[in-house]
Structure formats: structure tokens, C-alpha cells
Amino acid sequence: MSKLVIGSFQEFEQHIGKDLGYSDYLKITQEQINKFAEATLDHQWIHTDPVRAAEGPFKKPIAHGYLALSIIPYLWDQIAEINNVKMLVNYGIEKLKFAQPVVVDNEVRLKVTLESLADLRGITKAQLLATLEIKDNPKPAFTASIIFLYHFK
């Protein structure tokens, strides 16, 4: 699927209520999990100790929930190219529900639907329904309403 290209509020507005697409799959590795643990100081064994995790409920280490959330901008960029932007701000997350853990070596992809769009005195507030799907798993890792503020030129 080709990348959606948007260059203005008016172009964005045409997609309200529509699925915007899917990213490519991204494999979540133990190295990524370990680096995230270092960056966030969250070294809980369920993430970083493969031997102990093998005896746990998931039989492998799981990615931090916030690691799964943190890849949204990277995956979103594969779905849409937003042009003519002076600045993009991560504004919020609503209705976040973690439904399934992402275990090491799972492949995930992002599905996005444009829930709503608002013009806030020249700033575009985009609310996106983001679903992080796990390859070969019917249940997603999470669903959330992600809110970005786009400052178009």
C-alpha cells in the first residue's frame, strides 16, 4: 500500500472516519527491549531476563508496554507523509488499553483510523485510533486514541 500524503487541514479532513492504512511489520528484539530498559531504568525480569522469563507466564521476555507505545511515531511515518508542517507535537493518549503482551521476536504493525480532526485557531488536532497488531495473533497488543497537533505552514 502506498503512503498517504497530506499537505493541509483540508486534505486531512477528507479522511475523517476512514482507515488510513497499515505500517510494515517490525520485529521486537531482546536488544531493543534491553535498550529500552536502560533508557527508562525499568529492568523488571519479565523484560530483561530470558532465563527467568522462560519460567514465567509468557515463556519469553515481553516488551515494555511503553516500548510498544513509543514506536507509534516510527510506524505512523510509514503510513502517512504529512507535508507543509512547521511543527508536530505529541499531545496525548486517550482510551489506552493493553490487550496482549508483545513477546520477544514478535512482529508488530500499526493500523490507523482518523477518528476526528479539529482546527484550533490554525493548529490541526488529529485524533487517531491506533491499533498495534501482532502478526499471527487475533488480539492486538493495544488500542489507543493518539492525539497529534500539526502546525501547518
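A salt bridge here is a side-chain nitrogen of Lys or Arg within 4 Å of a carboxyl oxygen of Asp or Glu. With that in hand, let's look around. This is a predicted model, where local features need pLDDT of at least 70, side-chain atom pairs count only at pLDDT 80 or more, and totals for chains, interfaces and linings use all residues. Residues are numbered from 1 along each chain as its sequence is written, and side-chain values use heavy atoms, with hydrogens and water left out.

**The overall build**

The protein has 6 helices and 8 strands; these are DSSP runs numbered from the N terminus, with helices (H or I) needing at least four residues and strands (E) at least two. The C-alpha atoms fill a box of roughly 55 × 30 × 25 Å along the principal axes. Of the 153 residues, 42% count as buried, where buried means under 20% relative accessible area, exposed means over 50%, and partly exposed is in between (1.4 Å probe, protein chains only).

**The salt bridges**

A search of the whole structure turns up 4 salt bridges. Here are some of them:

| Pair | N to O distance |
|---|---|
| E31 and K35 | 3.3 Å |
| K135 and E107 | 3.8 Å |
| E133 and R109 | 2.8 Å |

Now for E31 and K35. Both sit in helix 2 (residues 30-40), and because they are 4 residues apart there, about one helical turn separates them. E31 counts as exposed, at 51% relative accessibility, and K35 counts as exposed too, at 55%.

The salt bridge between K135 and E107 has its closest N and O atoms 3.8 Å apart. This pair also links distant parts of the chain: K135 is in the loop between strand 7 (123-134) and strand 8 (142-152), while E107 is in strand 6 (residues 107-120), 28 residues away. K135 is partly exposed at 35% relative accessibility, and E107 is partly exposed at 29%.

**A nonpolar spot**

Which residues make a nonpolar surface patch of about 260 Å²? They are I93, L96 and F98. L96 lies in strand 5 (residues 85-98) and, at 33% relative accessibility, counts as partly exposed. Patch members need over 30% relative accessible area and no salt bridge, and nonpolar side chains (Val, Leu, Ile, Met, Phe, Trp, Tyr) are joined within 5 Å.

Definitions and conventions. Patches are made of residues with over 30% relative accessible area and no salt bridge: like charges are joined within 9 Å, nonpolar side chains (Val, Leu, Ile, Met, Phe, Trp, Tyr) within 5 Å. Accessible areas come from the Shrake-Rupley method with a 1.4 Å probe; for residues, only the protein chains shown count as cover.
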